[in-house]
Amino acid sequence: MSPIDLIALSADELAARVRDWDWPRYRARQILRWLYQARITDIAAMTDLSHADRTRLAAEARIGSLAQSEVLASEDGTRKFIFPLEDGKRIESVLIPDEDRLTLCLSTQVGCTLDCTFCLTGQMGLQRNLKAHEIVGQVLAAQRLLPEDRPITNLVLMGMGEPLANAAAVEEAIRRLTNQTWGLCFSPRRITLSTAGLSSRLKQVARMGVNLAVSLNATTNEQRNRLMPAVNKVYPLETLLAACRAFPLKPRRRLTFEYVLLAGANDTEQDAARLVKLMRGLRCKINLIPFNEFPGNPHRRPSDERVLRFQAILIQHGLETYIRKSKGRDILGACGQLGTLPDVSVLVRPPGPHSPQPIPIHSHA
Ligand code: SAH
């Protein structure tokens, strides 16, 4: 029998094992703390279990973790991790330092269910859903590569995949990331889930307690059907915005709408005016994301002037609007650029405490 991977078990599943082993109930919590708070990878290190219990546990179980990643380092301090999974597939996570924040952008699927025409991951198709422990594993593995005084402060589920197409695993991952007793203790306020708009599942996001970001990207159904066909045909704009209006926002929180700006496709002054109308009555802010180009894609990034004009119209109408800095573009680590593997690898070495340290790049071609 192959050993049980402890990190692949939910808290309830672990509790059931502990019962089967005739151990006291509190033993489950001890083990969970070792996994998520002490973050050990060796059962022998569980020093509050007797030697005999550790030996017994080690005979039946193991602690899985994501294998060593390739790390690509951008000039702007962003790093992209490429993690091999146990079945040989690969996922990417992106670490983004910004002033006092250190944000990790997590993947939730290998590839993606959807087919948004401006997104590289969409072009891979769906290979499979990630399991909860593979989502949490990205956080554990990234943190292991960082010095102790550089904790990851924010998480965004905006990497490869559509999180709400894998909602059960995402919900379970968030439970482990936010649990204050034995988990990673992230405040749900520091976690943002971004969806292309699976409207019927927004309720689940409310239950998870995390921030919701919606990738709107268009202002008419005709346009959205062209840019995001799979999702918009099932959940057209009216349905999506109605679900957003019904979202039970907590006091002092608001929704984020993301809007990828594509030259000539959705970046006109008429689009800006329509967007203002669509946002009426919603407590929200807008993040404009100038398109990040990638080889083979026909869309183009609008000029800075056009991006600023679009923003100015929204601001004039009272919408709080930001332009997302495109970090990590040189390593295909920016929004919409996850999914290909540039032919370079980088030595894995923890960065210095504050400034990103240049990491030597080796070409293995
Ligand atoms: N499936 C989820 C999360 C992944 S995409 C979602 O759609 O929200 C994360 C963000 O990147 C989305 O807002 C998406 O619209 C944006 N995006 C995708 N491709 C992009 C590209 N090439 N340039 C800029 N932003 C892009």
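Student: How many helices and strands does the protein have?
Tutor: This is a predicted model, and in it the protein has 12 helices and 16 strands.

Student: What order do the strands take in the open sheet?
Tutor: There are 10 strands in it, running E3-E4-E5-E6-E9-E10-E11-E12-E13-E14, and the pairing is mixed.

Student: Which strands stand at the edges?
Tutor: Strand E3 (70–73) and strand E14 (320–323). Each has a single partner strand, so one side of each has no neighbour in the sheet.

Student: And by how much are neighbouring strands turned against each other?
Tutor: By 20° on average, with direction ignored.

Student: What holds strands of a sheet together, again?
Tutor: They pair through backbone hydrogen bonds, either parallel or antiparallel.

Student: OK, take E10 and E11. Parallel or antiparallel?
Tutor: Parallel, over four bridges; E10 covers residues 191–195 and E11 covers residues 211–215.

Student: Which residue in E11 does serine 194 stand opposite?
Tutor: Alanine 213.

Student: Switching topic: what radius of gyration does the protein have?
Tutor: It's 22 Å. A compact globule with 365 residues would be near 21 Å, so the value agrees with that.

Student: What does the C-alpha trace span along its principal axes?
Tutor: About 70 × 50 × 35 Å.

Student: How many of the residues count as buried?
Tutor: 55% of the 365 residues.

Student: Last one: which share of the contacts joins residues at least 24 apart?
Tutor: 64%, counting contacts between residues at least 6 apart in sequence.

Key:
Residues numbered from 1 in each chain as written. Predicted model: local features only at pLDDT ≥ 70, side-chain atom pairs only at ≥ 80, totals over all residues. Heavy atoms only, no water. Pairing = 2+ DSSP bridges. Helix = DSSP H or I, 4+ residues; strand = E, 2+ residues; numbered from the N terminus. Axes fitted to C-alpha atoms, helices over the stretch in contact; angles between N-to-C directions. Rg over C-alpha atoms; globule rule 2.2 N^0.38 Å. Buried < 20%, exposed > 50% of the residue type's maximum accessible area, 1.4 Å probe, protein only. Contact = heavy atoms within 4.5 Å.
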